[in-house]
Every structure is written in structure tokens, then in C-alpha cells.
Amino acid sequence: MLLVTMQSKLSVAPAIDLIPNLKPPHRTLRFHQILVLIITFFAYASFHASRKPPSIVKSVLGPTIQLNSSSILLNSTSIESGLSSNGTGWVPFNGPDGTQLLGELDLAFLSAYSLGMYFAGHVGDRIDLRLFLVFGMMGSGIFTILFGLGYWLNLHVLWFFVSVQIVCGLFQSIGWPCVVAIVGNWFGKAKRGLIMGIWNSHTSVGNIIGSIVASGILEFGWGWSFVVPGALVIFVGILVYLFLVVSPEDIGFETSVNETELNTEVNPVEKLVNPVEKLENSVEKLENADSEEAVLLDVHVEDSDSLVVNVEDSDSMAAIGFLEAWRLPGVAPFSFCLFFSKLVAYTFLYWLPFYIRHTAVAGVHLSHKMAGILSTVFDVGGVCGGILAGLISDLIDARAVTSVTFLLLSIPALVLYRAFGSISTVANICLMFLSGLLVNGPYSLITTAVAADLGTQSLIGGNSRALATVTAIIDGTGSVGAALGPLMAGYVSSRGWNSVFFMLILSIFFAALFLVRLAKTEIKGKLNEGRWFSNSETQLQ
């Protein structure tokens with residue numbers, strides 16, 4: 001442990017070195033945990049804000065669809081005129097196959113994103129996570145801006161937009177494994193669902209920020225809808241470089257909360273012996289003395305030389321293999337569940353503003369700007385859904401049961417939104433909020449608390465260096481579904497929006513199906529142990 005700290009000293013955030021008051025003992029472990037949550041929250045919120053512009057500008061770039069039908073008004077303007085004065089699209093996306101081309105644009109981004117996710121997690125377990133995250137943020141910002149420059153450069157070639165989206169997707173894939181691994185380093189399993197449920201609202205907050213910014217400046221030209229979010233990612237990336245601390249050991253805390261809590265949960269037979277066991281005992285004694293104060297590296301420990309060797313050679317410091325991570329219990333079912341769950345969530349992410357723009361609400365068609373702003377209600381519901389799912393899963397201690405319940409309830413919610421969402425603005429907002437809450441709840445839970453649980457389970461001895469790999473596998477598999485969803489929506493929408501909603505409902509059913517076995521196991525286990533009611537009563541006291 002001490003050796004690892006010395007090796008990671010070279011990559012400590014510059015601001016931490018420049019401002020001594022940010023280091024212990026001037027600042028407690030709790031202070032740095034909150035700081036890490038805030039920094040990673042805004043880091044990934046900026047990632048999602050830069051993903052939102054394509055969905056906002058779809059209704060400007062693509063062909064005009066009459067009323068609720070799938071008939072398309074073709075753009076008669078020439079390539080030279082680009083975006084016509086009556087807003088009938090941007091070549092090459094304004095033709096009869098415009099919606100399909102926009103779907104292929106989403107596919108280019110999300111395919112690169114899902115492919116890059118697997119490699120990003122594997123690499124993230126082996127290099128400095130802070131620098132790797134900053135690299136991804138800078139690249140994402142630059143290529144988001146580059147996409148927007150197509151407006152001023154008057155570019156109308158499909159390969160340019162596709163190429164930019166592919167490279168941008170690769171850079172974006174770096175973000176998620178990094179932030180989850182960093183948060184996992186600082187927090188243990190206790191109340192992880194609630195903490196990460198609140199923290200994971202960064203996805204919806206980022207979507208809301210991206211929607212409002214992109215919609216608000218759309219009237220000045222769709223290029224600005226990309227340039228401003230891209231610049232935001234770069235700015236936040238600079239803050240991440242200056243202030244983010246990857247793990248407690250990097251600034252002198254003895255051991256991460258993650259390792260301490262996990263070690264206390266492992267069966268005594270599984271515990272390591274000799275020096276490492278002595279260290280655990282000393283840490284527990286010091287934590288009992290003052291739970292708020294961190295244990296510093298200048299605490300004298302006997303036989304420290306042998307301690308360094310043993311920790312370095314222990315399994316907890318070895319990065320786990322890709323195929324080995326796939327074989328961990330629960331990884332495959334939750335990965336395939338997320339495949340379908342994320343398919344639904346990202347179809348809404350990329351097509352909801354377009355759907356609202358071309359579906360009359362109370363007999364009135366909304367403007368591009370108002371459609372983009374109204375779509376944020378779905379993300380507001382997503383924030384509440386992520387927090388609620390995390391809280392419930394902590395109370396009942398059953399991630400699969402919580403996910404299946406939310407998924408099954410989202411089916412009637414989508415049916416109601418499609419059938420009655422156009423009656424009035426109030427009905428549209430309420431049903432959209434409910435759909436967002438139920439659709440994004442399990443998606444949020446699986447990508448955060450579940451991934452962190454599976455990546456630090458006792459079977460691998462609480463190996464924190466497996467966390468980025470497991471997270472990448474789960475979210476990478478989900479991102480394959482995220483790539484297919486918007487693409488399929490582009491093609492299926494030509495047959496009417498009822499077909500799109502049927503596709504989404506079918507996907508949710510399959511998502512729940514993959515977790516049925518795990519949910520049954522959880523229910524049997526809790527009933528046999530009699531833990532549900534006792535756990536709930538203990539946490540409520």
C-alpha cells in the first residue's frame with residue numbers, strides 16, 4: 001500500500017500540491033469524498049451535455065414530417081442554400097431517407113462508443129485514471145465543436161459527419177469507466193445504491209443542460225448547439241485535471257473506505273494473514289476512535305517493509321482479465337439487461353425532441369426550441385427514478401428485484417404516454433415524467449451501484465482494480481443496445497410512431513426477462529434469511 005502511494009505521487013492533481021490546505025490533516029476524508037463526488041458529477045454531466053445536441057438539431061437537419069403521420073415533406077432547396085429559410089432541413093439529411101441517415105449518424109457514434117468502452121475499461125485499470133479521463137474530455141470537446149463547424153463551413157457530405165461522430169464516440173467511451181472506478185475507490189458498499197443513485201443523476205442533469213443550451217442558441221444557427229457544449233466539456237476537463245484525486249492513497253489516506261468496508265464483510269476464512277491482517281486491525285481500531293478522521297500514512301506500522309511486499313503481491317493489486325470479468329457472477333445477466341434497457345433510454349435521448357416536434361400536443365405543434373425544452377421533463381423524471389431505485393435497492397438489499405419492478409412498471413407507462421400524451425400539455429408532462437422515472441431508474445442503478453457491487457465482490461477479494469473493467473463490460477454491452485435503438489427508431493419511425501413504441505416495449509420485456517432468475521434468487525435468499533424486514537427496520541431507526 002505504501003509503495004503504491006509513492007508510485008502514484010507523480011500523478012497527484014496539481015491544485016492539491018499547490019494548495020497545502022487541501023491535504024490531510026487540514027481536510028478530512030469526508031471532505032475529499034464530497035469533492036470527488038462533485039468533480040466527477042460535473043465531469044460526466046458535461047459528457048452528456050455534449051451528447052444532447054444531435055437530438056436537438058434533428059428536427060432542424062432532417063425532413064419535415066406532417067402531423068402524426070410518417071409522410072415526409074422533401075426539401076426542395078439546393079445544396080448551395082444549405083438550411084432553407086423555411087427550415088426544411090440540411091443536406092444530406094433532408095431527403096426521403098433523412099430519418100434513416102440521422103439514425104445511422106447515431107449508430108456511428110454509439111457503435112464507436114460501445115466498442116471503445118471495452119478497451120477504455122481495460123486500459124483504465126492500468127494507467128492514471130485522472131489523466132485518462134482528461135484525455136477523453138478534451139477529445140470529446142474538440143470533436144463536438146468540429147461537428148458544429150460543419151454549419152459555418154457549409155459542409156453537406158455524409159462522411160464528414162459520420163467520421164466526426166465515430167472519433168467523438170471513442171473519446172466519450174473513456175468517461176464512464178473512469179468516473180465509476182474513481183468513485184468506487186472512495187466509497188464502500190454501505191448505502192452505495194442511494195449515494196450512486198443521487199450521483200448518477202449527472203446523466204439526466206447533463207441531458208437537461210445540453211437540451212436547454214442547445215435549444216436556447218439554436219436560433220443563431222445549429223452549429224452553436226455543438227460549439228457551446230463542446231467548449232463546456234473542455235472547461236470542465238481543465239478543472240478535473242487540476243483538482244480530481246483518483247484514490248485516497250494518492251494524498252496520504254491509509255486505505256480507501258471501499259477496501260475497509262469490503263474486508264469486514266469477507267468470511268474470516270477468506271482473509272489474508274500476517275502483515276495485512278495486522279494492518280486491518282490497526283485501521284479498524286483507529287476508525288473506531290474517530291470515524292470522521294482519516295488514517296494518515298505517517299502512522300507507524302511494524303514490519304512496514306514486509307507489508308509493502310505483501311500488499312504489492314496480493315490479488316487486490318492485480319488488474320482482472322477481460323474474460324475473467326465476464327465470468328464473474330451476475331455480470332452477464334446485468335450486461336444483457338442493460339443492453340435492452342439502454343436501447344430504450346437512448347432512443348428517447350436521441351429521438352424524443354424529434355417526436356415531440358412532430359406530434360401535436362393539444363392540437364398544436366411546438367417549435368424546435370420548445371420541443372427541446374419540453375423533452376427535459378423525461379430527464380427530470382430520470383433523476384428522480386435513479387435516486388428512488390437506489391434508495392429502494394438499499395432498503396430491500398435486492399438490486400435485481402428493484403430493476404425488474406421498475407422495468408415491468410415502465411411498460412404500461414409507455415403505453416399511456418403514447419395513447420394519451422397528446423391530449424394536453426399537462427398530460428404530456430406528467431406521463432413523460434413517469435416514463436422517464438421508470439425507464440431510467442434501472443438503467444441508472446445497473447450502471448452505478450450494480451456495476452460497483454459486481455466489480456468489488458468478495459469473490460475477487462474486493463479487488464478495486466477490477467472495477468473499471470467490470471463497469472466497462474456492463475456499460476459497453478448496454479451501449480451496443482444504445483447504438484441499435486436510435487438506428488432502429490430511424491427506420492421504424494417511417495412506419496409510424498406506434499411501431500417505435502412497440503419496439504421499445506418489447507425491449508423492456510426482454511430486459512426484465514434477463515433478470516428474472518437473479519430476482520428469484522434474491523427473493524428466496526431474503527425470505528430464507530429473514531433479512532428484509534429486519535434490515536428495513538434497522539435502517540429506518
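So, there are 6 salt bridges here, where a salt bridge is a side-chain nitrogen of Lys or Arg within 4 Å of a carboxyl oxygen of Asp or Glu. Quick caveats: this is a predicted model, where local features need pLDDT of at least 70, side-chain atom pairs count only at pLDDT 80 or more, and totals for chains, interfaces and linings use all residues. Residues are numbered from 1 along each chain as its sequence is written, and side-chain values use heavy atoms, with hydrogens and water left out.

Okay, let's take one pair. Asp 475 bridges to Lys 342, with the closest N and O atoms 2.9 Å apart. Asp 475 sits in helix H21 (residues 467–492) and Lys 342 in helix H16 (residues 331–357), so this pair ties together parts 133 residues apart in sequence. Helices, by the way, are DSSP runs of H or I, at least four residues, numbered from the N terminus.

Asp 475 and Lys 342 are both buried, meaning under 20% relative accessible area, with exposed being over 50% and partly exposed in between (1.4 Å probe, protein chains only).

Next, Asp 397 and Lys 526 meet in a salt bridge at 2.9 Å, N to O. Asp 397 is in the loop between helix H18 (376–396) and helix H19 (399–420), and Lys 526 is in helix H22, so parts 129 residues apart in sequence get tied together. Buried or exposed, what is Lys 526? At 9% relative accessibility, Lys 526 counts as buried, while Asp 397, at 29%, is partly exposed.

Now Lys 23 and Asp 17: their closest N and O atoms are 3.1 Å apart. Lys 23 is partly exposed at 24%, and so is Asp 17, at 41%.

Conventions
Helix = DSSP H or I, 4+ residues; strand = E, 2+ residues; numbered from the N terminus.
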